[in-house]
Amino acid sequence: MSSIRPWRDIERRKSRQIMVGKVPVGGDAPITVQTMTNTLTSDAKATIDQIRRCEDAGADLIRVSCPDVESTAAFREIARAAQVPLIADIHFHYKRALEAADAGAACLRINPGNIGSDERVAEVVRAAKANGCAIRIGVNAGSLERDLLEKYGEPCPEALVESALHHIKLLQDHDFHEFKVAVKASDVFLAVAAYQGLAEAVDCPLHLGITEAGGLIGGTVKSSIGMGMLLWSGIGDTLRVSLSAEPEEEVRVGFEMLKTLGLRTRGVRVVSCPSCARQGFDVIRTVEALEARLQHIKTPISLSVLGCVVNGPGEARETDIGLTGGGNGKHMVYLSGVTDHVIQSETMLDHIVGLVEAKAAEMEAANAALEQAAE
């Protein structure tokens, strides 16, 4: 059956599915959103607190760095406290991978070629199999193998793909197939080309990222351009937005990216105008306040906030709840696209928050009833 709006359709690349703890990655599973803690892993309390904030923001998977024995020692307590599967980030020392696997990691982030001899790779694979761990191969343009840099002269798409294929073979030679792969670069052109090349060469799930993307604004733009291109073309099974910002911000940006492309639905999707002299209320400050106060909403709801009647009614017709600015401090509220009532400026914020919360509760109750009827 053809789509009603074919220009919105995204045909995802067919990848095989793996499990990261209880979370499926690849195949027809939803694209998962990841982030990474930046606390000292040896400080279990601080790390757990940060994980909790990321979980509240919607993180499906969370990566935790394990550079030393103290970190893997604390990892067991952290993994027990986490509500989502944890990925242990291992760069060089194979023993940290063994310890993290035993301590409850759902996935190990390694480059098999960086951890030593074939026997050490075999030990890590045995530990992963014994503990039900997946593995993420993490190729990065900033840490390519010396022989590939000599061969190609610089980091290039072919070098990143060759590195990934080499690491994949190391795992497959030990009959290990529960892996996903990333070929990250801070250069958007390089990263996109590398992912496109790898997507054609393998059928494993791909972890997307534009590494070292920058701060909240610059990094969001950079990541959205790079990962947006890949996601739009159907490439990508899980992603992390790498920002010089708090981890929960990475999660929020990741979800906004997926929501924009219709690949995930979570929380309030705000449609708002850039504001101008026609605005009947301070649109910028109103949107900032609403986004902050509605972060706890997980149910997919659309909210339009427009300052005047030029585009306001039209946008309101397409959203669950709409607010359009009027004159003399009186503004129109739309429910399910239909004009419903007028609200005064003084009570506007609290009123809109209440409407969204009530709509979310109504939708959650309806979904619960459907699920119960299906049982």
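Leu216, Ile217, Val221, Ile225 and Met229 make up a nonpolar patch on the surface, with about 480 Å² of accessible area together. A patch here joins residues with over 30% relative accessible area and no salt bridge, with nonpolar side chains (Val, Leu, Ile, Met, Phe, Trp, Tyr) linked within 5 Å and like charges within 9 Å. Accessible areas come from the Shrake-Rupley method with a 1.4 Å probe, and for residues only the protein chains shown count as cover.

This is a predicted model, in which local features need pLDDT of at least 70 and side-chain atom pairs count only at pLDDT 80 or more, while totals for chains, interfaces and linings use all residues. Residues are numbered from 1 along each chain as its sequence is written, and side-chain values use heavy atoms, with hydrogens and water left out.

- Isoleucine 225 belongs to helix 8 (residues 216-232); helices (H or I, at least four residues) and strands (E, at least two) are DSSP runs, numbered from the N terminus.
- Isoleucine 225 counts as partly exposed because its relative accessibility is 46%; buried means under 20% relative accessible area, exposed means over 50%, and partly exposed lies in between (1.4 Å probe, protein chains only).

- Five strands form an open sheet in the order 11-12-13-14-15, with mixed pairing; two strands pair if DSSP finds at least two bridges between them.
- Strand 11 (268-272) and strand 15 (338-344) are at the edges with a single partner strand each, so one side of each has no neighbour in the sheet.
- From one strand to the next, the twist averages 20°.
- Strand 11 pairs with strand 12 (residues 301-306) in the parallel sense over five bridges, and valine 268 stands opposite isoleucine 301 in strand 12.
- Helix 10 (residues 283-293) packs on the sheet and touches strand 11 and strand 12, its direction making about 160° with that of strand 12.
- Contact means heavy atoms within 4.5 Å; axes are lines fitted to C-alpha atoms, for helices over the stretch in contact, and angles run from 0 to 180 degrees between N-to-C directions.

**Strands 5 and 6**

- Strand 5 (residues 86-89) and strand 6 are paired in the parallel sense over three bridges, and alanine 88 has leucine 108 in strand 6 as its bridge partner.
- In a regular strand the side chains alternate between the two faces of the sheet.
- In strand 6 (residues 107-110), Cys107 and Arg109 point one way, Leu108 and Ile110 point the other way, and all are buried.

**Salt bridges**

- The structure holds 19 salt bridges, each a side-chain nitrogen of Lys or Arg within 4 Å of a carboxyl oxygen of Asp or Glu.
- Arginine 16 forms a salt bridge with aspartate 203, with the closest N and O atoms 3.2 Å apart.
- Arginine 16 is in the segment before strand 1 (18-20) and aspartate 203 in the loop between helix 7 (188-201) and strand 9 (207-208), so the pair ties together parts 187 residues apart in sequence.
- Aspartate 60 forms a salt bridge with arginine 264, with the closest N and O atoms 3.2 Å apart.
- This pair links distant parts of the chain, 204 residues apart: aspartate 60 is in the loop between helix 1 (44-57) and strand 4 (61-65), and arginine 264 in the loop between helix 9 (247-260) and strand 11.
- Both aspartate 60 and arginine 264 are buried.
- Arginine 252 forms a salt bridge with glutamate 249; they are three residues apart in helix 9, so about one helical turn separates them.
- Arg12, Arg13 and Asp237 are linked in a network of salt bridges.
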